[in-house]
Amino acid sequence: MQIGIVGLPNVGKSTLFNAITKAGAECANYPFCTIEPNVGVVAVPDERLDRLAEMEHPQKVTPATIEFVDIAGLVKGASRGEGLGNKFLSHIREVDAIAHVVRCFEDSNVVHVEGKVDPIRDIETINLELIFSDLEVLERRIDRVKKQSKSGEKQYLQELSVLERLKEGLEQNKPARVQEFSEGEQEIVKQVFLLTSKPVIYVANISEDDLISETENDYVKKVREYAAAEGSEVIPICARIEAELAELPDDEKKELLAEYGLEEPGLNRLIKAGYRLLGLITFLTAGPKEVRAWTIKQGTKAPQAAGKIHSDFERGFIRAEVVAYDDLIACGSQQAVREKGLLRSEGKDYVMKDGDVVVFRFNV
Ligand code: GDP
């Protein structure tokens, strides 16, 4: 699962991406913190792992991870092939969600490509490029379905009407993700793999000064309004400070955070928001060897969750022994959970919940 970082030039994407890769390099358990130069792997911050580690004293602790991809180079006109246009659009096609970085800081030393800071214009510039690209893809699809629908088959006629509606929406500058469709229609929309179908978080890159300020600056307020209208989340961050934080050892990091009145790096909030945006949840395994967070899609059933650990676990699945994380903490140990009868035995139709602490039983 990957989140693509997009935005106009000079908004702070590389600075943010640097922070991500540096923060990632700290997670010693993860051998390949940088897979490719533009892919950064980060641990998903999760306090539950620390608590479980205190309980189990395991040999190692392995967090869940997500990947961020730096998709630089998106400029106005990209959909017409300007800059390295289409290449970047195709990179966006491959990610599962988008973190759209928007410049919300004034700095006369940093040139703005449009001359002036205006986050809404910037958001719309990028969104428009994505919409143009989607329209091209959609029109090809519509041509094909039109031909198929000549047979008079109901299925194609329905598909065509949904696609035509989608196109009208795009032509009114509405990203696919904000257009309304029934569940069945959504399936048709999904098949077209549009860029504007992907979920988005807006990352408002603010200045060091605004980080300390009690009130949010007007740029961020505008981004919030815009995002709220489409149901997207906004994460204000100061990319420059994040990059600094990521390089510091823990004690100095705490000092710098305190200086800015922060409890945790903004990056943590971004990573957690990204995880939610991807529709991901975590189940946990905890023993003397390892305490570990595992990532699954919301709605995953027990055997498929077991399969994340090992394919044998899924094939030979018998049952899952599950305790909710909160119950485990309240009881204080796995032994106490058993004694209080809070360990549940769940079968193959059990839908996993976030924070389930699990042992899988399986046949070999
Ligand atoms: P990109 O083109 O979007 O990747 O932007 P960069 O990350 O290269 O940033 C462009 C310029 O803005 C660089 O000179 C950065 O140092 C500067 N910059 C990035 N983030 C911040 C920030 O939070 N505050 C300030 N003042 N400058 C920043």
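Reader: What kind of model is it, and how are the residues numbered?
Author: This is a predicted model, in which local features need pLDDT of at least 70 and side-chain atom pairs count only at pLDDT 80 or more, while totals for chains, interfaces and linings use all residues. Residues are numbered from 1 along each chain as its sequence is written.

Reader: Okay, which residues touch the most other members of the largest nonpolar core?
Author: That core has 66 residues, and Ile5, Val102, Tyr202, Val203, Ala204 and Val223 touch the most other members. A nonpolar core here is a set of buried Ala, Val, Leu, Ile, Met, Phe, Trp, Tyr and Cys residues joined through C-beta atoms within 7 Å. A residue is buried if 20 or more other C-beta atoms lie within 10 Å of its own, exposed if 12 or fewer, and partly exposed in between, with C-beta atoms placed from the backbone.

Reader: Which helix gives the largest share of this core?
Author: Helix H4 (residues 119-149) gives the largest share, six residues. Helices (H or I, at least four residues) and strands (E, at least two) are DSSP runs, numbered from the N terminus.

Reader: What does Val102 touch?
Author: Not counting residues up to four places away in sequence, Val102 touches Gly7, Val11, Pro119, Asp122, Ile123, Tyr202, Val203, Ala204, Asn205 and Val223. Two residues are in contact if their C-beta atoms, placed from the backbone, lie within 7 Å.

Reader: Switching to helix packing, how do H4 and H8 cross?
Author: The axes of H4 and helix H8 (residues 218-229) come within 9 Å and cross at roughly 40 degrees, and H4 and H8 are therefore oblique to each other. On the H4 side the contact is made by Pro119, Ile120 and Ile123, and on the H8 side by Tyr219, Lys222, Val223 and Tyr226. Axes are lines fitted to C-alpha atoms, for helices over the stretch in contact, and angles run from 0 to 180 degrees between N-to-C directions. Angles under 35 degrees count as roughly parallel, over 145 as roughly antiparallel, 65 to 115 as roughly perpendicular and the rest as oblique.

Reader: What about the angle between H5 and H6?
Author: Helix H5 (residues 154-171) and helix H6 (residues 183-190) pack at an angle of about 75 degrees, with their axes 10 Å apart, which makes H5 roughly perpendicular to H6. Glu159, Val162 and Leu166 of H5 meet Glu185, Ile188 and Val189 of H6 in this contact.

Reader: Where does UniProt place the "binding site" feature?
Author: The unreviewed UniProt entry places "binding site" at Asn10, Val11, Gly12, Lys13, Ser14 and Thr15. UniProt positions are given in the numbering used here, feature names are shortened, and annotations may be inferred rather than shown by experiment.

Reader: Are Lys13 and Thr15 buried or partly exposed?
Author: Lys13, found in helix H1 (residues 13-25), counts as buried with 25 C-beta neighbours inside 10 Å. Thr15, also placed in helix H1, is partly exposed, with 19 other C-beta atoms within 10 Å. Leaving aside neighbours within four places in sequence, Lys13 is in contact with Ile5, Gly7, Asp70, Ala72 and Val101, and Thr15 is in contact with Ala239, Arg240 and Ala243.

Reader: Last topic: what is the phi of His57, and where is His57 found?
Author: Phi of His57 is near 45 degrees, a positive value in a residue other than glycine. His57 sits in the loop between helix H2 (47-56) and strand S3 (60-62), and His57 is exposed, with 8 other C-beta atoms within 10 Å.
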